[in-house]
There are 2 protein chains.
Amino acid sequence: MQDKTIAKLLKSEKTHVEVTVRGWVRSFRSNRFIALNDGSTIKTLQCVVDFENFSEELLKKVNVGAAIEVKGTLVESQGQGQNIEIQVSKLTILGEANPEDVKLTILSPKKHSLETLREQAHLRIRTNTFGAVMRTRSKLAFAVHQYFQKNGFNYMHSPIITGSDAEGAGEMFRVTALDARNPPLDEKGNVNFKEDFFEKEANLTVSGQLEAETYAMALGKVYTFGPTFRAENSNTSRHLAEFWMIEPEVAFNDLDANMDLAEDFIKYVINYALENCADDIEFLENRLLEEDKTKPQAERSEMKLREKLHFILENNFKRVSYTEAIDILKNSAPNKKKKFKYIIEDWGADLQSEHERFLVEKHFKTPVILFDYPANIKSFYMRLNDDGKTVRAMDVLFPGIGEIVGGSQREERYDVLLEKMKTMNIDKEELYWYLDLRKFGTAVHSGFGLGFERLVQFTTGMSNIRDVIPYPRTPGNAEF
Amino acid sequence: MQDKTIAKLLKSEKTHVEVTVRGWVRSFRSNRFIALNDGSTIKTLQCVVDFENFSEELLKKVNVGAAIEVKGTLVESQGQGQNIEIQVSKLTILGEANPEDVKLTILSPKKHSLETLREQAHLRIRTNTFGAVMRTRSKLAFAVHQYFQKNGFNYMHSPIITGSDAEGAGEMFRVTALDARNPPLDEKGNVNFKEDFFEKEANLTVSGQLEAETYAMALGKVYTFGPTFRAENSNTSRHLAEFWMIEPEVAFNDLDANMDLAEDFIKYVINYALENCADDIEFLENRLLEEDKTKPQAERSEMKLREKLHFILENNFKRVSYTEAIDILKNSAPNKKKKFKYIIEDWGADLQSEHERFLVEKHFKTPVILFDYPANIKSFYMRLNDDGKTVRAMDVLFPGIGEIVGGSQREERYDVLLEKMKTMNIDKEELYWYLDLRKFGTAVHSGFGLGFERLVQFTTGMSNIRDVIPYPRTPGNAEF
């Protein structure tokens with residue numbers, strides 16, 4: 001059993017006590033100073049061995065990557081960079097790491113590209129960067145739960161496998177137990193999904209929202225936090241085929257209350273990370289500065305990582321209607337000078353990341369919430385405004401990434417929803433249960449979705465989404 | 001926006017203040033007393049209307065299931081069963097519920113079987129039973145996160161889609177984007193999965209353990225909490241095709257430390273539920289008593305629900321080796337009298353639920369942890385004991401349900417693991433990354449798995465696993 005983690009030891013004020021520590025060797029200098037890491041913190045504990053007291057054979061095994069146990073006395077450190085260190089009295093090799101083998105992996109002590117690290121995703125977690133990212137990811141996930149639970153929300157596990165494909169949020173993966181080569185066929189020669197496990201065609205969910213609405217209309221406040229899927233062939237640094245999504249849904253909340261919730265929630269979780277991952281975020285900020293040095297000036301971050309996080313915390317999110325935003329964009333310098341890739345000409349245009357970032361970074365210089373989008377570029381379930389052409393949708397826009405949250409007030413009027421479903425060719429038989437919510441005690445309600453990996457990217461400053469999830473799933477990649 | 005939830009109002013000590021409440025009508029007695037529920041608690045708030053102040057037309061719409069808003073004064077209640085009530089000054093119907101339509105659903109105010117409720121899973125959450133179960137489920141889920149985070153664990157999202165099918169924990173679902181009717185074929189006439197989304201055959205995960213081990217061997221302590229899947233045609237009250245699993249994994253923990261962790265963890269989460277879901281658990285205890293009355297004596301619970309929960313909290317989990325357990329079972333009365341369905345004859349037998357329950361409920365009268373199971377009935381990754389025939393496996397056994405946790409110390413020795421994989425025909429190429437953990441700084445480590453729905457069943461006293469998850473997935477069922 002581990003007596004104390006390094007994170008705890010580094011905070012302890014008592015010296016001259018005997019301790020036992022286990023971890024992995026990060027470096028061994030001058031046959032004397034072992035830098036030991038156990039994953040509890042990005043920091044290493046300096047373990048000082050007096051080589052005269054240990055056999056040469058033993059010390060030869062203290063290689064980078066080896067697992068060791070040290071017993072010794074905690075003392076104040078003479079060296080720089082740490083307050084305490086261990087004077088080692090006993091050293092045990094738990095698991096060796098042959099330097100010849102290590103040399104062939106990313107564990108070898110030299111600089112490896114993020115691409116190379118991705119290929120050894122089972123080992124990259126032993127690097128400082130991935131340790132910092134994944135500890136921060138864990139803390140952010142907990143902050144999500146803590147925020148909602150403190151505020152009276154119920155965590156709801158929406159289904160992962162679904163027989164419903166009505167939402168149309170994206171291409172879906174099929175889930176099947178049929179023989180792939182010779183599936184059973186029906187009389188028309190089509191695959192007979194009635195013989196499949198679920199007796200119908202089943203897919204992986206793209207969103208838990210519709211099911212979350214059923215629970216919000218009974219429990220009042222709910223949230224989901226689970227995996228969602230897209231079978232889209234997008235090989236970009238922004239897309240995953242499998243990612244985690246957070247979807248709160250609140251009965252009796254209108255769009256204004258929904259905006260309040262989104263702003264309060266995001267500020268809470270980012271603040272939680274700043275307070276609970278200080279060492280990791282400091283490391284990641286420096287990593288980002290180093291990375292930026294290798295890039296052309298124009299691609300470098302305008303703000304340092306912590307500056308960007310405080311920018312979110314310290315600004316009110318500016319609320320701007322889509323119509324106002326279009327006016328601003330149409331008259332903006334980059335639009336007039338055709339610097340935008342997509343020139344904004346008319347009301348009704350779908351905004352691109354470049355436009356969202358312009359509004360946040362150049363025009364308002366605060367996080368922005370756009371609302372009241374054109375109905376025809378948004379989903380069927382969003383509440384129609386009295387103008388008949390816009391819906392109560394909202395997107396929260398952040399610097400660097402553009403949209404981080406998308407949400408809406410839901411259409412609670414049975415007739416209006418039914419009409420919309422007809423227009424958009426959505427099968428009302430399939431969604432009878434969703435319509436039922438408007439039949440039995442309907443009420444105003446709202447919610448939003450936040451892609452968790454986007455939040456982790458924003459908080460850690462990692463530019464590729466594949467570097468903020470342990471084992472990324474993308475086209476051609478389901479390793480490990 | 002909701003001003004205050006009913007849960008909060010019922011706890012408030014201030015009366016004679018004006019409040020606004022929104023919720024759904026549970027009953028309306030004597031044209032005067034509305035029982036209003038908003039999902040924040042199982043309790044209803046009594047809203048008293050003076051019918052002379054409201055139009056008949058309005059009061060006619062106050063039907064079971066309708067969503068309403070009331071404004072009024074909070075006063076001490078004259079009636080029984082509540083401390084406070086609202087004297088309504090303003091009443092607004094937000095969403096009607098036509099009694100003729102309600103009659104056709106489970107919202108109608110009469111007793112419906114759990115089977116019937118299952119068919120209307122989008123509405124069953126509006127019943128007292130499912131409100132209580134799902135609020136408790138949410139609190140238990142949070143307790144899981146809180147326990148691990150407090151104890152320095154990192155939450156890890158293990159992959160849901162996996163290209164690896166080596167673990168053999170059960171039948172898997174295939175995940176595919178290929179055309180079901182005419183999949184591409186290779187030169188041998190087999191389905192060419194290289195043309196599928198992931199460029200290989202991919203499945204839904206049965207466990208995140210192996211991936212969690214890769215993270216434990218870097219971060220020290222990790223846990224997963226995510227959905228897992230079994231494509232097994234088990235139409236029982238104990239099996240789901242999709243369920244949520246919790247899997248902690250700890251570097252440097254041996255099996256004893258693993259048992260300590262399991263016991264401490266389970267006690268924490270059950271205690272959390274008792275402290276935070278008191279009203280719901282009280283309701284569920286009474287529900288169970290009512291349900292038991294309809295059963296033959298032999299099938300009734302021996303303990304009341306809260307008694308059973310305290311039984312877990314107040315007993316030390318008795319640790320018994322498999323070998324001792326076999327001796328006890330062989331010499332037990334039900335074995336000798338052939339009362340067991342499966343008679344225990346020899347060492348090596350796989351224990352059934354009836355044996356596990358005998359040990360817990362009749363013999364030891366405490367929760368039991370069995371350990372050191374025969375190697376040939378357990379998985380390849382469990383650590384071999386020096387006797388060469390048992391492995392460092394453990395199962396935690398509970399009254400009523402038998403096994404609730406299964407875990408082990410993992411085989412950390414490269415050569416022993418490799419040998420075991422050969423014997424069990426597990427592809428070492430496919431699991432090269434798992435073997436790497438034993439090559440680079442290997443160390444003793446342990447973990448366990450807990451099926452979250454089993455825990456929710458135990459805590460809520462629901463006998464069918466389909467009643468503790470919002471939208472159960474079982475053979476032939478992927479509705480909603």
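**View 1. The end of helix α14 in chain B.** In this predicted model, α14(B) is followed by B:Asn425, a residue whose phi is positive, near 60°.

**View 2. The buried side of helix α14 in chain B.** Helix α14 of chain B spans residues 414–423, and its buried residues are B:Leu417, B:Leu418, B:Lys420 and B:Met421. When one looks down the axis of α14(B), these buried residues fall within an arc of 160°, and therefore they line one face of the helix. An α-helix has 3.6 residues a turn, so residues three or four places apart point the same way.

**View 3. The opposite face of helix α14 in chain B.** On the face of α14(B) that is turned away from its buried side, one finds the exposed residues B:Asp415, B:Lys422 and B:Thr423.

**View 4. A:His16 in a loop of chain A.** The loop between α1 (6–11) and β1 (18–29) of chain A contains A:His16. Although A:His16 is not a glycine, its phi is positive, at about 60°. A:His16 has a relative accessible area of 60%, and because exposed means over 50%, this residue counts as exposed.

**View 5. A:Asn31 in a loop of chain A.** A:Asn31 has its place in the loop between β1 and β2 (33–37) of chain A. Its phi is near 55°, which is a positive value in a residue other than glycine. With a relative accessibility of 37%, A:Asn31 is classed as partly exposed.

Methods
Residues numbered from 1 in each chain as written. Chains lettered and ligands numbered in written order. Predicted model: local features only at pLDDT ≥ 70, side-chain atom pairs only at ≥ 80, totals over all residues. Heavy atoms only, no water. Buried < 20%, exposed > 50% of the residue type's maximum accessible area, 1.4 Å probe, protein only. Helix = DSSP H or I, 4+ residues; strand = E, 2+ residues; numbered from the N terminus. Arc of directions from axis to C-beta.
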